[in-house]
Amino acid sequence: MTAVPQGDQIRVVLAGCGYIAQAAHIPSLLMTDGMCLAAVVDRRERLAWVIGGRLGVPAFTSLPQCLDSVQADAVIVSTGRFSHPALVTEAANRGLHVLVEKPLADTVRDARAMTDSITGSGVVAMVGYMRRYDDDCEYVRETLRTGRLGRVHAAVSHFELGLPPRFARFDGGITQGSGPPPIGSLRESLLEESIHHINLMRFWFGEVSQVLFVRGDPDRGVYEMVFLSEDGVLVTHLNVALMGHGEQVWVYGDRGNVHTRLWSPHFPYRHADTVVFHLDSGTGREERPLIPRMSPYLNLMTHFRDAIRDGVTVKTPVEDAVRDLEAIEEVVLVAGDMGAAGGSEGG
């Protein structure tokens with residue numbers, strides 16, 4: 001494992017210079033004290049050189065070539081999921097800490113092989129589930145932990161992402177797209193979008209105990225699932241990505257409920273908002289708490305730094321991310337058994 005003495009900068013290599021890197025990871029890295037960008041890597045040579053030139057760091061088209069040439073302490077992997085196992089393993093085998101974008105891999109098998117390569121290496125390895133570092137999500141989790149809602153019976157989450165991202169680009173528009181693309185299958189929807197909500201529900205309510213209902217209709221762009229958590233919470237998730245905009249979660253307990261509308265800095269169409277409804281002796285009252293909010297991506301990056309520097313416990317370890325993929329495989333399996341449209345890769 002690469003040791004980083006107190007007071008020294010954590011030297012980070014960015015592997016993957018596309019959308020999420022430019023919208024989230026580069027700005028967060030540049031804003032995090034104690035971290036610096038050492039080099040960038042992208043197999044698209046022109047993109048790598050443009051980003052590297054803009055940021056004043058060396059650019060490469062392969063991670064091994066980069067790590068042979070540049071001194072580094074950590075790697076951020078922000079490529080597509082199919083390349084994650086090779087890149088994460090390459091970094092971990094060199095003793096470098098890793099922050100990898102979700103999903104951890106395309107399959108449970110690939111994810112388990114990746115975690116096996118990390119086990120015993122001593123490196124910090126965490127997955128970019130920024131919602132676990134989201135200030136509103138932290139508030140909801142604390143509300144649940146302290147029992148303010150009483151016994152929780154149900155939760156509902158919506159994923160809607162129909163508007164294009166807005167952020168300061170570092171590539172001059174080389175990779176600019178027109179907005180969120182349509183998702184053509186249940187599995188793809190789960191892996192690329194709904195996995196954030198599956199991970200968050202697991203964080204709040206425990207593992208997926210039983211998948212009860214699945215519906216996938218790629219022609220309509222509707223994907224729906226219902227599962228029971230190990231804490232006994234009935235969770236309903238609806239993905240209608242191109243029919244609205246915003247991520248929302250409702251949690252219902254026998255002493256009240258909470259609704260949170262989440263915020264992403266590169267989808268700045270609505271601010272975050274969290275409302276708690278209390279049931280008091282047959283009457284009700286609403287509370288809209290004042291929550292000091294930072295970008296969840298900046299919170300994520302700061303946590304990565306603190307995990308490397310100070311050994312703080314990682315909230316999104318790679319071993320935990322494997323269970324998201326296991327849950328998704330179960331959902332797809334149930335969809336197939338039910339004859340649900342979109343239950344297989346082909347939709």
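Predicted model: local features only at pLDDT ≥ 70, side-chain atom pairs only at ≥ 80, totals over all residues.

Trainee: Let me start with Leu14. Why is Leu14 called buried?

Mentor: Buried means under 20% relative accessible area. Leu14 has a relative accessible area of 2%, so Leu14 is buried. Leu14 sits in strand E1, residues 10-15.

Trainee: Which residues is Leu14 in contact with, leaving aside its neighbours within four places in sequence?

Mentor: Contact means heavy atoms within 4.5 Å. With those neighbours set aside, the contacts of Leu14 are Ala21, Ile26, Leu37, Ala39, Val40, Val41, Ile76 and Ser78.

Trainee: What makes E1 and E4 a pair?

Mentor: Two strands pair if there are at least two bridges between them. E1 and strand E4 (residues 74-77) have four bridges, in the parallel sense. For Leu14, the bridge partner in E4 is Ile76.

Trainee: And what is the order of the open sheet of six strands?

Mentor: The order is E3-E2-E1-E4-E5-E6, and the pairing is parallel. Strand E3 (59-60) and strand E6 (125-127) each have a single partner strand, so they stand at the edges, with one side of each left without a neighbour in the sheet. Helix H8 (residues 296-310) lies across E1, strand E2 (35-41), E4, E5 and E6, at about 160 degrees to E5.

Trainee: Why are H1 and H2 called roughly parallel?

Mentor: Helix H1 (residues 19-31) and helix H2 (residues 45-55) pack at an angle of about 30 degrees, and their axes are 13 Å apart. Angles under 35 degrees count as roughly parallel. H1 and H2 are therefore roughly parallel to each other. Their crossing is right-handed.

Trainee: Which residues make that contact?

Mentor: From H1 come Gln22, Ile26 and Leu30, and from H2 come Leu47, Ile51 and Leu55. By type, the residues of the contact of H1 with H2 are five nonpolar, one polar and no charged.

Trainee: There is also an open sheet of eight strands; which strands stand at its edges?

Mentor: The order there is E8-E9-E10-E7-E11-E12-E13-E14, with mixed pairing. Strand E8 (208-217) and strand E14 (283-287) each have a single partner strand, so these two stand at the edges. From one strand to the next, the twist averages 10 degrees.

Trainee: How many bridges join E9 to E10, and how do the two strands run?

Mentor: Strand E9 (residues 222-229) and strand E10 (residues 234-239) run antiparallel and are joined by six bridges. Phe227 has Val235 in E10 as its bridge partner.

Trainee: What do E11 and E12 form?

Mentor: A hairpin, with two residues between E11 and E12. Six bridges join these antiparallel strands, and Gly253 is opposite Gly256 in E12. E12 also pairs with E13 over six bridges in the antiparallel sense, where Arg261 is opposite Asp273 in E13.

Trainee: One last item: what is the peptide bond from Lys102 to Pro103 called?

Mentor: That bond is cis, with omega near -15 degrees. To find Pro103, look in the loop between strand E5 (97-100) and helix H5 (108-118).

How values were computed: Residues numbered from 1 in each chain as written. Heavy atoms only, no water. Buried < 20%, exposed > 50% of the residue type's maximum accessible area, 1.4 Å probe, protein only. Axes fitted to C-alpha atoms, helices over the stretch in contact; angles between N-to-C directions. Parallel < 35°, antiparallel > 145°, perpendicular 65-115°, else oblique. Left-handed = near helix turned anticlockwise from the far one by under 90°. Nonpolar A, V, L, I, M, F, W, Y, C, P; charged D, E, K, R; others polar.
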